[in-house]
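Visitor: I'd like some practice at reading side-chain pairs and helix packing. Could you take me through an example?

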Amino acid sequence: MFEWMQQALNKACTGIVITDISRKIVVWNNEMERMSQIPREKALHRKLSEVCPKFTDARYRGIIESVMDTGQSRFCSSVLHKAFVLPKDYKGEDLIRQNLRVEPILQNGKVKYAFLQISDVTEQVQSEHRLKMHIEDLKKGYKQIKRAEEAAVKLARYDELTGVLNRRAFEYELKTAMEKKKTGKKFVLLFLDLDGFKDVNDSLGHVVGDVLLQQVAGRLKSNTRHDGRRPSDIVARIGGDEFAVVLMGMRNEKDAVIVANKLMNIIRKPFFADDKKIKMSVSMGIAVYPDDAGSVKELIDVADQAMYRIKQSGKNNVCFYNSKIVDSCSGRLHAFSHTKNAG
Amino acid sequence: MLTTIQKDALAKTLNAVMGLSANLLSEEVNRKIILSVPFVELKQGFEIHTAVLDDEDMLGAGKPVIHMVTFGDECSELALVIFRQDGAGVLANACMGNVPDAGSCFSNEDADVIREICSILLNAIAYEIGKLAGIRPQHAQYIMDLKADVLDEKKVIPPEAQVLVVHVSFFLADSMAKGIMLIVLAAPSFEMFMNNMMI
């Protein structure tokens, strides 16, 4: 072969092997020497399968034969075949990755030689794997951050014990509802205080008390509207044993009375906690927006006043706020600006 | 224009060719692959443009992935396989036994697997079509990673050539990928192909 041609092949960054029709090696460039650790003089004129054991496999012998017979090229990826040439006595086959391209070389219109190019892509494959691992780590980290964010949002909005809205979120929802309500449309605030809860807590313990509060919240949620198709009712825990329910879309006070009585009866049904049967009742004050008040603070205040009236007059009942109640309670108005004690 | 009988014969022939190619491909990648030909069109070379890549329903999204084999005495006959990276990625991952991750990039590994699949597929197509078209399989050359403008360059696809535009679906495990094959034959070869096909 021309010396300059040999020099050109030796300068290639790819392993180049040329075999003749009897599969004997006629060209073995410098890169092949480096990859296989077999010097050129030990490779030339020997069969490819003797020098590179991979080519004893019928599959790869078949690929070269097909190229010689049909004159068609073939590409074999490192992904599906791993490697074709390994250093002598090398044990870590899994670590090396090579692509193979086999092409025919014709003389006088007939395929006389097979031209094999073996590219080492180990570094590239390893870089890609490292990048993929890094992307997976970033995705995991992102998911963790999102979960923490969701937990923080939940904590800021929901009462940890009962899962209903906390006071801050409740006041925000109430304010939003007021801003959205069209003229003439009403909604109703029910202000509930459990009767005798302090005694339950003191006698049966805080654990039972907590379970009771969870069950009360559950019953309030199950018996108010949250079907997503209409404005949903709002249920919140706003203090120790105090709950608030906002009934959206009330057509008149009679509707509110029906729901209020339903909730009263639901709360009167026995609760079960720690193998104990506990009977509770609730004092409930009702205020109507916008009839009874025009702001969040005012509405809560007047509903609280109505509830307090019930507490004073025997508990376990419900009443609407109206001007007569305000007049009679003027000396005992309760400002709703801090969390009240249970009971 | 093809007659109804010719269209039927063409569909049957191409399905048979695809079936043989699929068997070969399945053996090589050691996974069961099924190729189906839902649709074939006959066009002339000058009608082929990059617009063939625009059907997102057909090909999906991503950069084009195009490989080609030339065959025939003066390399005047061509067969091309065209994917978009979406479909190519699905096929590559299915061949590797991976479940494709929605939103994952088309990697170098994916590209290598597609290069191998296409070399096997195009060789099989060139061989089978070549037999029917009276073309010796010698001198076939596999050319990888063509740019989309190869479809617009009339030097590669001669304007007067007959082009079978074959819409192909690849089924592998639970995955499906769509691609387009262009089988480009000079007029005499096409005539022999059609005659042999009708026998």
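Guide: We'll go through some salt bridges and then a helix pair. Keep in mind that this is a predicted model.

Visitor: How many salt bridges are there over all chains?

Guide: The count comes to 20. To read one, check the closest N and O atoms. For Lys146(A) and Glu149(A), they are 3.4 Å apart, which is within the 4 Å cut-off.

Visitor: Where do Lys146(A) and Glu149(A) sit in chain A?

Guide: Both belong to helix α7, which covers residues 122-157. They are three residues apart there, so about one helical turn separates them.

Visitor: Are Lys146(A) and Glu149(A) buried, partly exposed or exposed?

Guide: Lys146(A) is partly exposed at 30% relative accessibility, and Glu149(A) is partly exposed too, at 44%.

Visitor: Which pair links helix α7 with helix α8 of chain A?

Guide: Take Arg157(A) and Glu173(A), whose side chains form a salt bridge with an N to O distance of 2.9 Å. This pair links distant parts of the chain: Arg157(A) lies in α7 and Glu173(A) in α8 (residues 167-180), 16 residues apart. Arg157(A) has 26% relative accessibility and counts as partly exposed; Glu173(A), with 21%, is also partly exposed, given that buried means under 20%.

Visitor: What does Lys186(A) pair with?

Guide: Its salt-bridge partner is Asp291(A), at 2.8 Å from N to O. Lys186(A) is partly exposed at 28%, as is Asp291(A) at 43%.

Visitor: On to helices. What describes two packed helices?

Guide: You give the angle between their axes and the distance between the axes. For α8(A) and α12(A), the angle is about 110° and the axes are 10 Å apart. That makes the two helices roughly perpendicular, because angles of 65 to 115 degrees fall in that class.

Visitor: Is the crossing of α8(A) and α12(A) left-handed or right-handed?

Guide: Right-handed.

Visitor: Which residues make the contact?

Guide: From α8(A), you have Phe170(A), Glu171(A), Leu174(A), Lys175(A) and Met178(A). On the α12(A) side are Val296(A), Leu299(A) and Ile300(A). Sorted by type, the contact has six nonpolar residues, two charged and no polar ones.

Methods: Residues numbered from 1 in each chain as written. Chains lettered and ligands numbered in written order. Predicted model: local features only at pLDDT ≥ 70, side-chain atom pairs only at ≥ 80, totals over all residues. Heavy atoms only, no water. Helix = DSSP H or I, 4+ residues; strand = E, 2+ residues; numbered from the N terminus. Buried < 20%, exposed > 50% of the residue type's maximum accessible area, 1.4 Å probe, protein only. Axes fitted to C-alpha atoms, helices over the stretch in contact; angles between N-to-C directions. Parallel < 35°, antiparallel > 145°, perpendicular 65-115°, else oblique. Left-handed = near helix turned anticlockwise from the far one by under 90°. Contact = heavy atoms within 4.5 Å. Nonpolar A, V, L, I, M, F, W, Y, C, P; charged D, E, K, R; others polar.
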